[in-house]
Amino acid sequence: MANEILNELNPESFREEFIKYTIQAFKMLPKLDKPRIIDIGCGSGLPTLELARLSNGEIIGIDIDQNALDELNEKARKKGLSDRVWTKNCSMLELNFPDESFDVIWAEGAIAPIGFKKALKEWGRMLKIDGFMVFHDDLRDKASKIEIISEYGYELVNHFQLPDDAWWVEYYEPLEERIKELRSKHDDDPKVLEAFKSYQNEINAYKKNPREFRSIFYIMQKIKS
Ligand SMILES: C[S@@+](CC[C@H](N)C(=O)[O-])C[C@H]1O[C@@H](n2cnc3c(N)ncnc32)[C@H](O)[C@@H]1O
């Protein structure tokens, strides 16, 4: 029941609005010839598949949520991308890919479990010299993060902030509208309310403190080991 209701809600359809920012960030990279990319904390892979399309390269998505990875594999199969898109169930805290094995390390909305500094420090090993690290991160501590980028051997090639109201206008507001519609369609059935609880909590958290949800892309290049 909960799964059916979540299918009806289809939260990913709202996440799709943000793909334009993934594209904007990717276009800030120089032209790369069939790059090898890792998407860390890829979830069900909207950015992963877009990166595969944009780059024409090989991409591995890693996450600890097997259901999300299964979804990503299925979408890759349907789009005929299975020969260039792989997944691995592993934690971002224990990545054991060889040194200098990626041209691009990408992470959207995902670095919280490791933190900005540790991500730069520990993941950089897997990145080729001159390779790129791209994070879609929250806006907190921007100035100190920019300092850390150069301290850890990267150059900040570019960065851009999403419009302040992007998360409300493009995600939470339409998501809340959809939740309201579905709640009335199901006569406020408690099972429906339960299935939507985590989304409603997130919307409430946004309303309480919208500034905390502002986000930014950092496009960084590894200039030394
Ligand atoms: C907010 S989602 C972002 C998903 C995707 N990057 C996107 O932008 O749509 C964060 C993802 O990080 C994953 N995650 C959380 N802790 C993780 C860990 N220790 N290692 C790998 N992935 C993790 C979650 O399972 C989730 O899929």
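Visitor: What covers the buried residues of α4?
Guide: The cover includes the helices α3 (19-26) and α5 (66-78), together with the strands β1 (36-40), β2, β3 (85-89) and β4 (102-108). Before we go on, a word on the source: this is a predicted model, in which local features need pLDDT of at least 70 and side-chain atom pairs count only at pLDDT 80 or more, while totals for chains, interfaces and linings use all residues. Residues are numbered from 1 along each chain as its sequence is written.

Visitor: Which residues of α4 are called buried, and what makes a residue buried?
Guide: They are P47, T48, L49, L51, A52 and S55. The word applies if 20 or more other C-beta atoms, placed from the backbone, lie within 10 Å of the residue's own; 12 or fewer makes it exposed, and anything in between partly exposed. Helices (H or I, at least four residues) and strands (E, at least two) are DSSP runs, numbered from the N terminus.

Visitor: Why is L54 called partly exposed?
Guide: L54, which lies in helix α4, has 16 other C-beta atoms within 10 Å. L54 touches I23 and F26, not counting residues up to four places away in sequence; contact here requires C-beta atoms, placed from the backbone, within 7 Å.

Visitor: And I19: what makes that residue partly exposed?
Guide: I19 has 13 other C-beta atoms within 10 Å, so it too lands in the partly exposed class. I19 belongs to helix α3 and, leaving aside neighbours within four places in sequence, is in contact with L46 and E50.

Visitor: Why does K34 count as exposed?
Guide: K34 has 11 other C-beta atoms within 10 Å, which puts it in the exposed class. K34 sits in the loop between α3 and β1. Its phi is positive, about 40 degrees, although K34 is not a glycine. Most residues other than glycine have a negative phi.

Visitor: What makes β1 largely enclosed?
Guide: Four of the five residues of β1 are buried, so the rest of the structure largely encloses this strand. Helix α7 (residues 142-151) is hardly covered, with one buried residue among its ten.

Visitor: Which residues come nearest to the ligand, and what makes a residue near?
Guide: G41, G43, D65, M92 and E108 come nearest, out of 18 residues around the ligand. α4 (46-55) and β2 (58-63) are the elements that give two or more residues to this shell. Near means that the C-beta atom, placed from the backbone, lies within 6 Å of the molecule or strand in question.

Visitor: How do the residues of that shell divide?
Guide: Ten are nonpolar, four polar and four charged. Ala, Val, Leu, Ile, Met, Phe, Trp, Tyr, Cys and Pro count as nonpolar, Asp, Glu, Lys and Arg as charged, and the others, Gly among them, as polar.

Visitor: Which members of the largest nonpolar core touch the most other members?
Guide: I105, W106, M133 and V134 do, in a core of 41 residues. Such a core is a set of buried Ala, Val, Leu, Ile, Met, Phe, Trp, Tyr and Cys residues joined through C-beta atoms within 7 Å. Beyond four places in sequence, V134 is in contact with A25, V104, W106, F217 and I219.

Visitor: Finally, why is the protein called as compact as a globular protein of its length?
Guide: Its secondary structure comes to nine helices and seven strands. The radius of gyration is 18 Å, close to the 17 Å that the globule rule gives for 225 residues, so the description holds. The radius is taken over C-alpha atoms, and the rule is 2.2 Å times the number of residues to the power 0.38. Buried residues make up 31% of the 225.

Definitions and conventions. Contact = placed C-beta atoms within 7 Å.
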